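Open the model in your viewer and keep the selection tool ready. We will go from stop to stop.

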Amino acid sequence: MRLDWEIAKRGWRRYAAYPWATAAGVFTNTIFGFIQAYILLAVFRHRSHVGSYDSADAVTYVWLAQALIMTVYIFGWNELALRIRDGSIATDLSRPLDPQRYWLAFDLGRAPYHLIFRGVLPFLVGGLLFRLHYPAPLDALAFVLSVALAVVVSLGFRFLYNSAAFWITDVRGVTTLALTVSLFFSGMVLPLTFFPSWLRAIAHALPFASIVQTPIDVWLGKHHGASLAGILALQAAWALALLGLGRVTLRFGARKLVVQGG
């Protein structure tokens, strides 16, 4: 555990070293928050509810999604793929620390930095200018747990599509396809409650809803009691499943790996 803690601190420190990049991200997320909030509010000018959401739920969703956008790192992450392509993965595999464990610990250190320093300020701006939904204390605690599970699910998925570099020399196509699917089905582009029922059922059957939609629904208080326990258990199950697939992929990829020098 001490090793994991030290790696997590490295994840925090790497991004803390670039405060102006964080500031630029805060500005960008705030602007997109305004754009998306007003688009959704236009929908509610003609109806009071969409699925289980009212206007306050929808606007809260927008600002929470902007707060989580880097916390769960849903956009392109290709560090593992780059290390496979340039052969650095051979050094990683020779170390006593498993590469997947390293990146998981690193990500769990990085995520709190992005949540606090890139996510909180845009949400506060949204709270000043829009009517938002705020959780009860129990929902707030469940939200923190749900976000942590979302980060693990996201890392598990990112690890998988990066592992494609073991078999192909250019993973940009795989990455683009993976990002398109995850952005759409996670709820980052549009809340899943806005989807038609058949498409919503498909989205909830995939792991991507656990990355964005589920934590936000927990904040909004859409799950209570057994429902809350069930949705958190589903996140945990997806996290374990994706990490397990990543382990298998890493094992087979390492057998195939050939780098210059043997």
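Select T22 and Y113. Their side chains make a polar contact at 2.9 Å. A polar contact is a pair of N or O atoms within 3.5 Å; within protein, one must be able to donate a hydrogen and the other to accept it, and residues adjacent in sequence count only if both atoms are side-chain atoms. This is a predicted model, where local features need pLDDT of at least 70 and side-chain atom pairs count only at pLDDT 80 or more, while totals for chains, interfaces and linings use all residues. Residues are numbered from 1 along each chain as its sequence is written, and side-chain values use heavy atoms, with hydrogens and water left out.

Stay on T22. You are in helix α2, residues 19-43. Helices are DSSP runs (H or I, at least four residues), numbered from the N terminus. Is T22 buried or exposed? T22 is buried, with a relative accessible area of 10%. The cut-offs: buried is under 20% relative accessible area, exposed is over 50%, and partly exposed is in between (1.4 Å probe, protein chains only).

Now show the contacts of T22. Leaving aside neighbours within four places in sequence, they are Y15, Y113, F117 and R118. Contact means heavy atoms within 4.5 Å.

Click on Y15 next. Y15 sits in helix α1 and is buried, at 15% relative accessibility. Which residues does Y15 touch, leaving aside neighbours within four places in sequence? Among them are T22, Y73, Y113 and H114. Check H114: Y15 and H114 are 99 residues apart in sequence, yet 8.1 Å apart in space, C-alpha to C-alpha.

Widen the view to helix α1 (residues 2-16) and helix α6 (residues 99-129). Their axes come within 7 Å and cross at roughly 45°. Axes are lines fitted to C-alpha atoms, for helices over the stretch in contact, and angles run from 0 to 180 degrees between N-to-C directions. The two helices, α1 and α6, are therefore oblique to each other. Angles under 35 degrees count as roughly parallel, over 145 as roughly antiparallel, 65 to 115 as roughly perpendicular, and the rest as oblique. Color the contact: it includes I7, W12 and Y15 of α1, and F106, Y113 and H114 of α6.

Jump to Y73. Y73 is in the loop between α3 and α4 (79-85). Y73 has a positive phi of about 50°, although it is not a glycine. Y73 counts as buried, at 13% relative accessibility.

Last stop: R47, in the loop between α2 and α3 (55-68). The R47 side chain reaches the backbone oxygen of H49 at 3.0 Å. R47 counts as partly exposed, at 48% relative accessibility.
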